[in-house]
Structures are given as C-alpha cells and as structure tokens.
Amino acid sequence: DGIVPADAAGDADTKQLIADILATLGAETDRSGKPGINQAKVDQFYAELAAFTAWTKQGATPEVLVAGDATAAAAAAVNAVRAKVDDYFARVRLANYDGRALSALNRQESEYLAIAAKDLKISSEEVASFPVSRVEPGKAKPSPCSPA
C-alpha cells in the first residue's frame, strides 16, 4: 500500500527517522491499520528540513548579524539581563497603575542598612534581587522587549 509503519524499519536509525516524520507531519494508515509514512511524507519532511536549514543559514548574513562577529555575544548579554530589565519595567507599570505600591516595589531603607554593614561587591547576592533602579511613576517608558 506504500505506507511504512515504524516497526517495519530494519534498523534503529530508520525507525527513529520514521518516528520523527510521524511526529512532525502526522501519519498515514496502512492496510493493517498501523500508522506509517508514505513517499509524499518523506519528500515533504526533507523539503521542510532543507527550507529550515536555508533559513538558519540566513542568520549568518551581514544584514542579520548587525554587530558582526560580536552579534552572538551581544545577544547573550541582552539575554543575561533581560529578566532584570523586564522586572524593572513591570515594577514601573505597577507604580504607574497605583502609586500606593511604591513602598512595596522599592526596597526599604532597613534592607540597605543590613547590607551596607558588610563588605559590598558588585556581585553581592544580597543586592541581586533588588530592582535595577528606583521605581517611580512615569520615570521610564515600557521596554520594547516587554509586553506593554
């Protein structure tokens, strides 16, 4: 019937390939009622795989790599601080919504006093959870990385 179920594969690699095609493109049913693939599914799978490969190679073009060879490092740096920046803008949105939240959104003086008595370093765990800046209504515009 032209439909090959995964259990008809002769080796583990072929069985895995059939399973991958089934998972991504769905199954055809053979005469025995088993799910399997046909030539059209195989052709579609490899065509889509080639399209995906071509698309990923576009990422290496100068138009996409805006910082040249430093693009990957720049993207990693942005990703490293994204959560902290998003937290700040979420706090600002809350402050804009209701000014009564300011004292809860900013750290209390007692928290600063507790860490000021110690030797401070930039990487101090105590300040890692503090907002990136003091939160005030209208102080910052929403981040282009964050949903408004």
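Throughout these legends, a residue is buried when its relative accessible area is under 20%, exposed when it is over 50%, and partly exposed in between (1.4 Å probe, protein chains only). The model is predicted: local features need pLDDT of at least 70, side-chain atom pairs count only at pLDDT 80 or more, and totals for chains, interfaces and linings use all residues. Residues are numbered from 1 along each chain as its sequence is written, and side-chain values use heavy atoms, with hydrogens and water left out.

**Figure 1. Overview of the secondary structure.** The protein contains six helices and three strands, where helices (H or I, at least four residues) and strands (E, at least two) are DSSP runs numbered from the N terminus. Along the sequence these elements follow the pattern β-α-β-β-α-α-α-α-α. Of the 148 residues in the protein, 20% are buried. Among contacts (heavy atoms within 4.5 Å) with a separation of 6 or more, 61% are between residues 24 or more positions apart.

Figure 2. Helix α1 covers residues 12-25, a total of 14 residues. From its first C-alpha to its last it reaches 20 Å, close to the 20 Å expected at 1.5 Å a residue; the expected span is 1.5 Å times one less than the number of residues. Its buried residues are Ile 18, Ile 21, Leu 22 and Leu 25. Seen down the axis of α1, these buried residues fall within an arc of 100°, so they line one face of the helix; the arc is that of the directions from the helix axis to the C-beta atoms. In general, an α-helix has 3.6 residues a turn, so residues three or four places apart point the same way. On the face turned away from the buried side are the exposed residues Ala 12, Asp 13, Ala 23 and Thr 24.

**Figure 3. The ends and surroundings of α1.** At the start of α1, a side-chain oxygen of Asp 11 comes to within 3.0 Å of the backbone nitrogen of Asp 13. After the helix comes Gly 26, with a positive phi near 85°. The buried residues of α1 pack against β1 (4-5), β3 (35-37) and α2 (39-58).

**Figure 4. The packing of α1 on α2.** The two helices, α1 and α2, pack at an angle of about 80°, with their axes 10 Å apart. Axes are lines fitted to C-alpha atoms, for helices over the stretch in contact, and angles run from 0 to 180 degrees between N-to-C directions. The angle makes α1 roughly perpendicular to α2, a term for angles of 65 to 115 degrees. From α1, the contact involves Leu 17, Asp 20, Ile 21, Thr 24 and Leu 25. From α2, the residues are Lys 41, Val 42, Gln 44, Phe 45, Tyr 46 and Glu 48.

**Figure 5. The setting of Arg 91.** Arg 91 belongs to helix α3 (residues 71-97). Its relative accessibility is 17%, so Arg 91 counts as buried. Its side chain is joined to that of Asp 87 by a polar contact of 2.8 Å; such a contact is a pair of N or O atoms within 3.5 Å, where, within protein, one must be able to donate a hydrogen and the other to accept it, and residues adjacent in sequence count only if both atoms are side-chain atoms. Beyond its neighbours within four places in sequence, Arg 91 is in contact with Ala 104, Leu 105, Pro 131 and Val 135.

Figure 6. Arg 100 is in the loop between α3 and α4 (102-105), and counts as exposed at 71% relative accessibility. The side chains of Arg 100 and Asp 98 form a polar contact of 2.6 Å. Asn 106 lies in the loop between α4 and α5 (109-116), and with a relative accessibility of 7% Asn 106 counts as buried. Not counting residues up to four places away in sequence, Asn 106 touches Ser 133, Arg 134 and Val 135.

Notes
Parallel < 35°, antiparallel > 145°, perpendicular 65-115°, else oblique.
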